[in-house]
Amino acid sequence: MTEMMKAVRLHDFGGPEVLRYEDAPRPIAASGEVLVRVHAASLNPPDLYLRDGYRALPPEWQPDPVFPLILGTDVSGVVAAIGEDVSGFSVGDDVYAMVRFPEDLMKGSGAYAEYVRVPVSELALKPAGIDHVQAAGAPMSLLTAWQFLVDVGHDAANPFQSFRHAPIALEGKTVLVNGAGGGVGHLTVQVARWKGARVIAVASGKHEALLRELGADQFIDYTKTAAETVAEDVDLVVDAVGGANMERWLAVLKQGGALYLVNPLGFSGHDEAARRQITVSSTQVRSSGAQLAEAGRLLDNGTIRVIVDSTYPLADASAAHERASRGNVQGKIVLVVT
């Protein structure tokens, strides 16, 4: 007889209202996998895009999933069971992970649930110095910052460009982070600071006090001032926002500088960048238990903090998605599983 659990499932694409909190079959850990009893799961932009059917993508790129599916990649919880050929973890361990990303990008990785199965290679022990809510907020955003700024950590083909992304040395450099108040942004500020950079944070005014506390040396409120008109002689711009007119960041960069685009779709400034010898680069974040273990030491000792915008019970996932759709999120939105 199949054991059941509570999960938030999607039976059709649409707005936040299509998310259903209901019974679902409990997964079983296969060989090389661990079953995690989820204590918390966080929201990430791909969750919202998948819920909406990736309507912004060209038709040939849009998903054709088998419903129902369970959204979510980022979890923190406790090991409930271990499959065959697994070592390094025991039942009862506190763990966190970004689950099967981008492999399950178009069908959901199953994190919005009481239980999720996780490949052991994607799992790390939860840093003891933070709770499950903070740990659940970390994986995708922290791995994005880490793989852009510290180490890509894999040799998989880059879907965004023909060359492998290569982080530049940041010691003594000036780094501008656009979207610094969000999930990826606030962790990018901290990782850049840890790597020895001077950091300019660009966000709305409500984030200024926090970002200065997290180590930003300069703050630009984009609602009052166009950042590209005041920033200058920047070595690296990390644009964690994307969208229209990403080309404007080329004007603030030194010749020979770099522009890292977390979402590069729509960027059209490659010719100008080449003329100015500016490297434009992006990379696809990928699950990595080893990198979460490494970065987790910085979470454990307080060098890096995960800021939580708000928490919602798992049953209120639709309300959490409504909060995300309103924007101006400070840090991460987290679902709490009781």
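The stops below each give something to select and then say what is there.

**Before you start**

This is a predicted model, so to speak of local features here needs pLDDT of at least 70, and side-chain atom pairs count only at pLDDT 80 or more, while totals for chains, interfaces and linings use all residues. Residues are numbered from 1 along each chain as its sequence is written, and side-chain values use heavy atoms, with hydrogens and water left out.

**Stop 1: strand β3**

Select residues 33–42, which form β3. Helices (H or I, at least four residues) and strands (E, at least two) are DSSP runs, numbered from the N terminus. Eight of the ten residues of β3 are buried; buried means under 20% relative accessible area, exposed over 50%, and partly exposed in between, using a 1.4 Å probe and protein chains only.

Two strands pair if DSSP finds at least two bridges between them.

- β5 (residues 74–82) runs antiparallel to β3 over eight bridges, and V36 has V79 as its bridge partner there.
- β7 is joined to β3 in the antiparallel sense by five bridges, with V34 partnered by V118.

**Stop 2: the largest nonpolar core**

Stay with L335 and show its surroundings. Not counting residues up to four places away in sequence, L335 touches H39, A40, A41, L43, Y112, Y312, P313, L314, A317 and A320, where contact means heavy atoms within 4.5 Å.

Which residues have the most contacts inside the largest nonpolar core? They are L43, V75, Y112, L123 and L335, in a core of 44 residues. Strand β3 gives the most to this core, with five residues. A nonpolar core is a set of buried Ala, Val, Leu, Ile, Met, Phe, Trp, Tyr and Cys residues joined through side-chain atoms within 4.5 Å.

Another core, of 43 residues, lies apart from the largest one; select L143, A145, L187 and Y260, which are among its members.

**Stop 3: helix α3**

Select residues 139–149. Why is helix α3 described as largely enclosed by the rest of the structure? Eleven of its eleven residues are buried, so the rest of the structure largely encloses it. Among the buried residues you will find M140, W146, Q147 and F148.

**Stop 4: a three-stranded sheet**

Next, colour β1, β2 and β4. They make an open sheet in the order β2-β1-β4, with antiparallel pairing. β2 and β4 are the edge strands, each pairing on one side only. Seven bridges join β1 to β2, and A7 stands opposite E22 in β2.

**Stop 5: the second largest pocket**

On a 1 Å grid over the protein atoms alone, a cavity is a set of points where a 1.4 Å probe fits but cannot get out, and a pocket is an open set with protein on both sides within 12 Å along at least five of seven lines; lining residues have an atom within 4 Å of a point. Grid points are joined across faces, edges and corners, and a volume is the space filled by probe spheres set on the points.

β1 (4–10), β2 (19–25), β4 (69–70) and β7 (115–119) each supply at least two lining residues, and β7 has the largest share, with three. By class, the lining has ten nonpolar, three polar and five charged residues. Ala, Val, Leu, Ile, Met, Phe, Trp, Tyr, Cys and Pro count as nonpolar, Asp, Glu, Lys and Arg as charged, and the others, Gly among them, as polar.

Zoom in on R100, in the loop between β6 and β7. Its phi is near 45°, a positive value in a residue other than glycine, and R100 counts as buried at 13% relative accessibility.

**Stop 6: the largest cavity**

Finally, select the lining of the largest cavity, including P46, Y54, F101, D104, G108 and S109. About 60 Å³ of space lies inside. While F101 is on screen, check its peptide bond to P102: it is cis, with omega near 10°.
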